[in-house]
Amino acid sequence: MSSLPVRVGAALVATTALLTACTSREATNTTQSSGGPAASAAASQVAGPGCAREAIGYPKVDVKDAVIGFSQSEKEANPFRTAETRSIRDEAARLGVPEDKLLVTNAQSDLNKQISDIKSLLDRGAQLLVVAPLNSDGLQPALDAAKAKKVPVVTIDRKVTSKACEDYLTFIGSDFVEQGRRAAQAMVAATGGTGKVAVLLGSSGNNVTTDRAKGFKDELAKTPGLSIVAEQTAEFDRSKGQAVMEQLVQSNPDITAVYAHNDEMGIGAVTALKAAGRTPGQDVKVVSIDGTRNAVQLIADGSYDAVVESNPRFGPLAFQTLQDFADGKEIPPTVIISDDQYDRSNAAQKLGNAY
Ligand code: GZL
């Protein structure tokens, strides 16, 4: 795809249309199946060169008539992934896409498998692609294969370093730096501004880990009473989060707070803290990001402190974007979605929105 000179007006019209279509609850209509609101685009769109189908010579393919491929990145033991795939399937069904025309693959956290997954989706006739990238780099061979067949690719969730409109259509996802900042603000509120923090980092090689780390550190620096005394990756995995926390709490017995880049690692950390005789939610404050039902339940139970949502329900926005592209609208390079937040004040009554 070649980048296009942008007509800001048209781009803004396209953005507004996208926003309107996806911010009203009934337009997304995923509340029945997945329990919570679909991802809705935030008001502040990242403008930039819009991408229009006719100008780049892509064929018009309506979502409801298309063979659609979805490439999932990580195994679905993580509720974030389960909810993300569920949202794609639910929205395809709502739009009347027959089950045999929605092709879904899972790379099981293996980059080479994700590349071959995407190529196999193309070989199986996919005319539209939605991709949840595992890493920020490395997918170019798959993106090139889609470009060669003039198949548009909407990336969701994690951002790739390839070029919007040239290598893929657009990125739809959260502001992960903002999520880190909000997690730090929640940590300050939960701890009263003093304490020693252990950080469980996500997997390396993707912007989510980098940005959540940056946002948290930048915001925490405003509260000198809180210091990070240990940080280690547990790769977004619950059992690894437990194992790493077991080791950290031995080597740093004075830990009074844990920031986990996702709920799964935070939940693992709670298990380890309890086994070490600590009382998470009381003598150790726990904050993480995602919005899974298990973590929000722990907040309601009093053994967790706060969760910043990372909404995985991309189905409506992803398919609306592909249909807008088919209809000739200019698609912005980035669509930032809005994320909710849970703490002791709202966890019990908002549990239904968690996934
Ligand atoms: C965020 C997503 C992250 C989740 C984790 O958009 O990429 O990956 O926060 C998942 O739960 O592993």
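Which helix contributes the largest share of the lining of the largest pocket? In this predicted model, that share comes from helix 10 (residues 238-251), with three residues. The largest pocket has a volume of about 310 Å³. Its lining comprises 17 residues, of which Glu74, Lys75, Ser109, Glu235 and Asp237 are the closest to its centre. Divided by class, the lining of the largest pocket has eight charged, six polar and three nonpolar residues.

Three cavities of 30 Å³ or more are present in the structure, and the volume of the largest cavity is about 90 Å³. The residues lining the largest cavity are Glu74, Asn78, Phe80, Arg81, Asp157, Arg158, Val208, Arg212, Phe236, Asn262, Asp290 and Ser310. At least two residues of this lining are supplied by each of helix 5 (79-94) and helix 9.

The crossing of helix 8 past helix 9 is right-handed. On the helix 8 side, the contact involves Phe176, Val177, Gln179, Gly180, Arg181, Ala183, Ala184, Gln185 and Met187; these meet Asn207, Val208, Asp211, Arg212, Gly215, Phe216, Glu219 and Leu220 of helix 9. By class, this contact has eight nonpolar, five polar and four charged residues. Val208 and Arg212 belong to the contact with helix 8 and also line the largest cavity.

Technical notes. Residues numbered from 1 in each chain as written. Predicted model: local features only at pLDDT ≥ 70, side-chain atom pairs only at ≥ 80, totals over all residues. Heavy atoms only, no water. Left-handed = near helix turned anticlockwise from the far one by under 90°. Helix = DSSP H or I, 4+ residues; strand = E, 2+ residues; numbered from the N terminus. Contact = heavy atoms within 4.5 Å. Nonpolar A, V, L, I, M, F, W, Y, C, P; charged D, E, K, R; others polar. 1 Å grid on protein atoms, 1.4 Å probe; cavity = no way out; pocket = protein on both sides within 12 Å on 5 of 7 lines; lining within 4 Å. Points joined across faces, edges and corners; volume = space filled by probe spheres on them.
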